[in-house]
Amino acid sequence: MRSRIVLILTVTLSLISQQIMSDANQVKALTEKLQASTVDDADKRETTNFGQRINNSDSLVAGDGGPALLEDFMLREKIMHFDHERIPERVVHARGVGAHGYFEPYKDWSHLTAAKFLQTPGKKTPVFVRFSTVLGSRGSPDTVRDVRGFATRFYTEEGLFDLVGNVIAPFFVQDAIKFPDLIHAAKPEPNTETPQAATAHETAYDFFAEFPQSLHTVFWVLSGRGIPTNFRQVEGFGVNTFRLINEQGQACFVKFHWKPRQGLCSLVWDEAQKIAGKDIDFHRKDLYRAIENGDYPEWEFGVQIIPEKDADNFDFDLTDPTKIVPESLVPVTKLGKMVLNRNVDNFFSETEQITFHPGHIVRGIGFSNDPLLQGRLFSYLDTQINRMNSANFMQIPINQPINPVHNNQRDGYMQQKIYKGEVSYYPNGLRKNAPELTDPENGGYIDYEEKVCGKKTRGKPKKFFDFYSQARLYYYSLSPVEQQQMIDGLRFEVGKSKTLDVRKRMIDIINHADNDLATRIAVAINVPPPAKIDSTESQAHCTTKGISMEEYPKPDHIKTKTVAILVAPGSDPSEVDAIYSYLKSEGAYPTIVGVKQGDNKKIDAEIAYIHTSSVLFDALFVPGGKEGIEAMKCDLQKFPYDEPQQFIIEAFRHCKPIGASGEASDFVRNAIAGKMVDDAGVITGASVDEIKDEFKKALIQQRFWSRYPLDKKEDYPHNDGAHTECTSI
């Protein structure tokens, strides 16, 4: 008996060891591919691209002060290369940030899919993720209001799987043929090339007002989800409907989800605009810093599973990308987790040159008849060829799969491979039909056998024409503060349309979703309040789980939270050290802000007030010290713009945690006096030790929305009707 147990343990340990080696080999394979093309110029001598060592600090000229000579090959090569260093930016998703990491499944999901990367618990598959804004150019700010991309590449042992999604669940258009119209309307207006990276202009809302299928997504973008605090605290959505197919050929429909383990958080619009002016790289820097500090962001990868037999049981069409599957109807099944743990070595070579494509797919995953997805399968491949100027873009290191590539595709611009032999076709006898074809039964891709019948036509099924139910569902599922933020967003954006007719038409569209909502917006943008629509008023006020960001679970720690510690000459060094040390020990990122960098009367400031702003931090803390507080209140030479008080007022208005100890307590409360709707999240006390635990709780809370101003009913008539969670829609 004992020998059998020993044998079983030996075999088990051997299998575990083999799995660990397999995981390590996959990660190693990708690392080696990238390292093989990585160049380190440290301690090296400069050469031309053809290898000749040179001294090219000056051009070759004829005599002192004479003309430059055409024979100067060093000048010609250097200038020529510089002139061609830029490639076309992406038409959409031009501005992005990327990082490396890994994915590992929680259990064996082979009953759902034949995809091997989802079958071995703990098996690590390398990934690369690119977050992006959609409308802006490469030089636009990070914190604009936008949909934002969440594109993930899995480097699986069976090839690349690109899940090219967004941080917003639905999409604006049902059919890819309308995508060019959407982007033309939303991009800067062609006569002036303004505004940059914004939909708050005439042509965007002229289009939305004429195209009501976009309303659901407009609501998502105009809520807090359109202005996330950072990329670590966003959900990801596959947007389109896909299939999972197992080895037996059985399939189910799925919607892909990424659920952040860091929680969710959004900016307020005033804050987002100010950050765009203070630090256009705000989101990029946040991701780089967290990874560099070892605070690796994590997401759980999940699917909503819909058996094919149930696909027609919903009041919406499952292949309509402007709709979601409410989580109250179909919960998300979590398949595994993703960790981002390495920054890129070179932005251009990795983040800019990666070529995502929904058609990069592995066996066990398939497509649906979603008309937007079908168009994306053409568009992404086409646009990548345009950007990279060659059909060989998959040979760039960041684009290469970790498994070997064998086919009969040849030649073209910048071909990197040297193919042996005379055969480049199939079938062939000279090489016995190599490279051989692989049937699904032997590991080849599984094409799902779907029965298709019907007349060739242009148009959509009947269920596609309900444009308002899910827009209404989204609005009703938000908390009152989240609804107010969405209303404020719509007032800003629709109100930017100079033409009254555009504003009226947009209000008419919104009125089909909810009359109170339309009225609250109309009153603020000089549009007559619309009459109620009987058919709309009779609709059930349904809600669903998974929409409200306030309801999303928060982590129980304060890692990565950025806190500005405001000091002046005369602040209490012991209190400064106490709060700084406490926050550091809890994993937060405290920064001491002083009149100048360096010494501020025994306090070493990391940054000066002139270099930063309240909007760049998650929270503020003001330590005591009578002399320092007096300087903050009265010394105009040191604080010509009343910087400390402005920091406090702005943080308060943006609903952030504020802490103060000792003499700073009255200073903080006086700064916000008269501005208080509620003082929740303002933590004051005699010392840091007395209030540090409460301040930590406030940081975990993130925002105190009870401070956010809500519409008064006497100014904007509305009701607060009761809502019920949906059981069908």
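Residues are numbered from 1 along each chain as its sequence is written, and side-chain values use heavy atoms, with hydrogens and water left out. Because the model is predicted, local features need pLDDT of at least 70 and side-chain atom pairs count only at pLDDT 80 or more, while totals for chains, interfaces and linings use all residues.

Helices (H or I, at least four residues) and strands (E, at least two) are DSSP runs, numbered from the N terminus. Strand β13, residues 589-594, is mostly covered, as six of its six residues are buried, where buried means under 20% relative accessible area with a 1.4 Å probe and protein chains only. In a regular strand the side chains alternate between the two faces of the sheet. In β13, Y589, T591 and V593 point one way, whereas P590, I592 and G594 point the other way.

Two strands are said to pair if DSSP finds at least two bridges between them. Strand β12 (residues 562-566) pairs with β13 in the parallel sense over five bridges, and T591 of β13 is the bridge partner of A564. With helix α15 (residues 573-585), these two strands make a right-handed β-α-β unit; right-handed means that, with the strands pointing away from the viewer, the path from the first strand over the helix to the second runs clockwise. Strand β16 (residues 607-608) also pairs with β13 in the parallel sense, over two bridges, and its A608 is the bridge partner of G594.

Helix α7 (residues 282-292) has several buried residues, including F282, L287 and I291. The buried residues of α7 pack against elements that include β1 (96-105), β9 (333-343) and β13, contact being heavy atoms within 4.5 Å. After α7 comes G294, whose phi is positive, near 85°.

A nonpolar core is a set of buried Ala, Val, Leu, Ile, Met, Phe, Trp, Tyr and Cys residues joined through side-chain atoms within 4.5 Å. Among the 91 residues of the largest such core, F131, F219 and F256 touch the most other members, and helix α5 (residues 215-222) gives the largest share, six residues. Apart from this core lies another, of 31 residues, with L566 and F617 among them.

The largest pocket has a volume of about 1800 Å³. A pocket is an open set of points on a 1 Å grid over the protein atoms alone, where a 1.4 Å probe fits, with protein on both sides within 12 Å along at least five of seven lines, and lining residues have an atom within 4 Å of a point; the volume is the space filled by probe spheres set on the points. Of the 45 lining residues, P401, P404, V405, H406 and N407 are the closest to the centre of the pocket.

Technical notes:
Buried means under 20% relative accessible area, exposed over 50%, partly exposed in between (1.4 Å probe, protein chains only).
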